[in-house]
Amino acid sequence: MKDLFKAIAADFQIKHLYSTLLFSSAFLIVDIAGLTVQAQQKPPSPPIKYENVSYGDHLNQVIDFRKANVDEPAPLVVFIHGGGFKAGSHDKVKGKTIQQYLDAGIHHASIEYRFLQHARFPAPHEDSVRALQFIRSKADEWGIDKNRIAAYGGSAGAQLVAYLAWGDDFADPKSDDPVSKESSRLTAVALKGGQSTLDMDWWVENIPGYKREFHGKGDTGDLSTIEIRALLNELSIINHISSDDPPTFMSYGMKPDDPIPSNPKFARNWSIHHVNFGIAMEEKLRLNGVEVILKYPQIKQPFENEIAFLIHHLKK
């Protein structure tokens with residue numbers, strides 16, 4: 001399937017289909033004075049030990065690594081940002097979040113990847129795999145316990161984290177490349193606002209407020225119906241769930257019965273990141289015996305947030 005997927009992706013112009021599916025729109029109204037005060041009050045981000053370390057030839061193929069104050073090999077958490085596979089930055093991670101991991105004796109890394117304007121799909125997924133394998137290859141030098149690595153991300157970043165978590169291990173023990181020999185598996189993961197499938201008929205039937213015209217049909221080139229189905233099947237992360245998947249924490253910003261927002265643009269973004277995606281993934285994860293936490297407003301769970309969840313699994 002991996003070879004077929006790569007062959008299909010080489011001909012498939014995914015920009016119209018997938019970048020619009022998974023991009024996040026935000027609406028922020030602030031005055032300049034308020035923004036200035038907020039910036040002044042924002043705590044500084046912890047210092048970076050190794051900044052913009054290249055794991056590939058493209059300018060976007062870089063990693064920032066922050067080292068916890070530990071003497072022995074320690075766990076690591078990896079951040080993958082969202083932005084619809086066409087925007088965002090590995091720099092956009094909260095300093096307070098990073099510090100909580102460092103205080104717990106856990107290293108922190110954030111990775112950048114190629115966007116769809118740089119390379120066709122599945123470049124972001126390939127980069128995420130390569131970045132994780134590269135990090136593992138640096139385990140001795142950076143003081144990482146390569147058997148305890150977790151990851152978290154939102155929206156498009158959640159897609160990439162889930163692809164690593166639930167997909168097959170990309171390690172190739174026969175490769176002459178030492179990086180390719182490393183595992184792409186994870187100890188635990190946290191997804192925020194992730195989508196379960198690219199079956200748009202499922203979206204229409206199960207996602208409140210979603211309208212099929214929100215997304216165009218996309219340019220499928222000369223792909224056959226069978227090839228298109230194979231590609232969409234690979235892109236749908238729920239299809240990769242199996243019994244050997246790591247503990248998973250998922251969070252969403254609305255309750256299942258919340259009303260559709262009245263603002264049409266906000267309603268579009270709201271529906272694209274709806275909790276019903278998480279409910280579908282939670283059901284399949286549970287059926288496969290995988291530990292899963294689904295959090296949304298007004299629901300109590302054993303872990304307050306994704307940070308507590310990941311620290312628990314990395315430190316136990």
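What is the mean pLDDT of the protein chain, and what share of its residues reach 70 or more? Good morning. The structure before you is a predicted model, and its mean pLDDT is 87, with 84% of the residues reaching 70 or more. One stretch calls for separate mention: over residues 8-40, pLDDT stays under 50. For that stretch the model has 66 contacts beyond four places in sequence.

Let me turn to the chain as a whole. Its secondary structure comes to 12 helices and 8 strands. Of its 316 residues, 52% are buried. The accessible surface comes to about 15,400 Å², and carbon and sulfur atoms account for 51% of that area. If we take the contacts between residues at least 6 apart in sequence, 77% of them join residues at least 24 apart.

A single residue can illustrate such a contact. I80 belongs to strand β3, which covers residues 74-80. Is I80 buried or exposed? Its relative accessibility is 1%, and because buried means under 20%, I80 counts as buried. Setting aside residues up to four places away in sequence, I80 touches I111, Y113, S128, Y152, G153, G154, G157, L160, V161 and L164. Consider G157 in that list: 77 residues separate it from I80 in sequence, yet their C-alpha atoms are 4.9 Å apart in space.

In soluble globular proteins, nonpolar side chains tend to be buried together. Here, the largest nonpolar core has 60 residues, and V78, I135 and W166 have the most contacts inside it. Helix α7, residues 156-166, supplies the largest share of this core, with 8 residues. A second, separate core has 20 residues, including V77, F79, Y152 and I293.

Finally, the aromatic rings. How many aromatic pairs does the structure hold? There are 14. A pair of aromatic rings is described by the distance of the centres and the angle of the planes. Y113 and F115 provide an example: their centres are 5.7 Å apart, the angle between the planes is 80°, and the pair is edge-to-face. Elsewhere in the list of aromatic residues, Y50, F65, F134 and W142 form one cluster. Thank you for your attention.

Terms used. Residues are numbered from 1 along each chain as its sequence is written. Side-chain values use heavy atoms; hydrogens and water are left out. pLDDT is the predictor's confidence in each residue, from 0 to 100. Contact means heavy atoms within 4.5 Å. Helices (H or I, at least four residues) and strands (E, at least two) are DSSP runs, numbered from the N terminus. Buried means under 20% relative accessible area, exposed over 50%, partly exposed in between (1.4 Å probe, protein chains only). A nonpolar core is a set of buried Ala, Val, Leu, Ile, Met, Phe, Trp, Tyr and Cys residues joined through side-chain atoms within 4.5 Å. Rings of Phe, Tyr and Trp (its six-membered ring) pair if their centres lie within 6.5 Å; planes under 30 degrees apart count as stacked, over 60 as edge-to-face and the rest as tilted. Accessible areas come from the Shrake-Rupley method with a 1.4 Å probe; for residues, only the protein chains shown count as cover.
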